[in-house]
Amino acid sequence: MQWTALVVLLAVLQYMVFGMMVGRARMRYQVAAPATVGHPQFERLFRVHYNTLELLVAFIPSIWLFGLYLDPRWGAGIGALFVLGRAVYAFGYIRAPQRREVGAMMSFACVAVLLGGALFGVVRLLWE
């Protein structure tokens, strides 16, 4: 489970970096808190950060349960693809919102596989 833990920590670190990017954009584009709209570049960064939070809620329990009930190495590998997908999503969205699809689908697919695998692993044990 060490690999799983490392990937979870990398995902949380990535989320924190996205948060720092939002903070810098807030200052750069003079978007006073608690506003979440203003300059389009700020809004893109804010959406990257917030959307990542939305997926982390499903990602973290899914990767842990996948690792516990199926295979921690496979879970970590899929989780690493999730982190990569979030980076692709972020860079695409920041440049042009219509370029976010590949990263969004990549990270969503990883969460779906982890969730489905975790559910399969738990249900499988119920029938033993």
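Predicted model: local features only at pLDDT ≥ 70, side-chain atom pairs only at ≥ 80, totals over all residues.
Helix axes here are lines fitted to C-alpha atoms over the stretch in contact, and the angle between two of them runs from 0 to 180 degrees between N-to-C directions.

Take helix 1, residues 2-28, and helix 2 to begin with: their axes come within 9 Å and cross at roughly 165°. Angles over 145 degrees count as roughly antiparallel, and helix 1 and helix 2 are therefore roughly antiparallel to each other. As for handedness, the crossing of helix 1 past helix 2 is left-handed.

Gln30 sits in the loop between helix 1 and helix 2, and its phi is positive, at about 55°, even though the residue is not a glycine. How exposed is Gln30? Its relative accessible area is 72%, and anything over 50% is called exposed, so Gln30 falls in the exposed class. Pro34 belongs to the loop between helix 1 and helix 2 as well.

Over to helix 3 and helix 4. Helix 3 covers residues 72-95, and its axis and that of helix 4 come within 7 Å, crossing at roughly 155°. Again the cut-off for roughly antiparallel is an angle over 145 degrees, which is why helix 3 and helix 4 are described as roughly antiparallel to each other. Helix 3 passes helix 4 in a crossing that is left-handed.

Then there is the surface. A nonpolar patch is formed there by Met1, Trp64, Leu65, Leu68, Tyr69, Leu119, Val122, Val123, Leu125, Leu126 and Trp127, which together have about 1100 Å² of accessible area. Two elements, helix 2 (40-69) and helix 4 (101-126), each give two or more residues to this patch. Which element gives the most? That would be helix 4, with five residues. Trp127, also a member of the patch, is placed in the segment after helix 4. With a relative accessibility of 73%, against a cut-off of over 50%, Trp127 counts as exposed.

How values were computed. Residues numbered from 1 in each chain as written. Heavy atoms only, no water. Patch = residues over 30% accessible without salt bridge, like charges linked within 9 Å, V, L, I, M, F, W, Y side chains within 5 Å. Areas by Shrake-Rupley, 256 points an atom, 1.4 Å probe, with all protein chains shown as cover. Salt bridge = Lys/Arg side-chain N within 4 Å of Asp/Glu carboxyl O. Helix = DSSP H or I, 4+ residues; strand = E, 2+ residues; numbered from the N terminus. Buried < 20%, exposed > 50% of the residue type's maximum accessible area, 1.4 Å probe, protein only. Parallel < 35°, antiparallel > 145°, perpendicular 65-115°, else oblique. Left-handed = near helix turned anticlockwise from the far one by under 90°.
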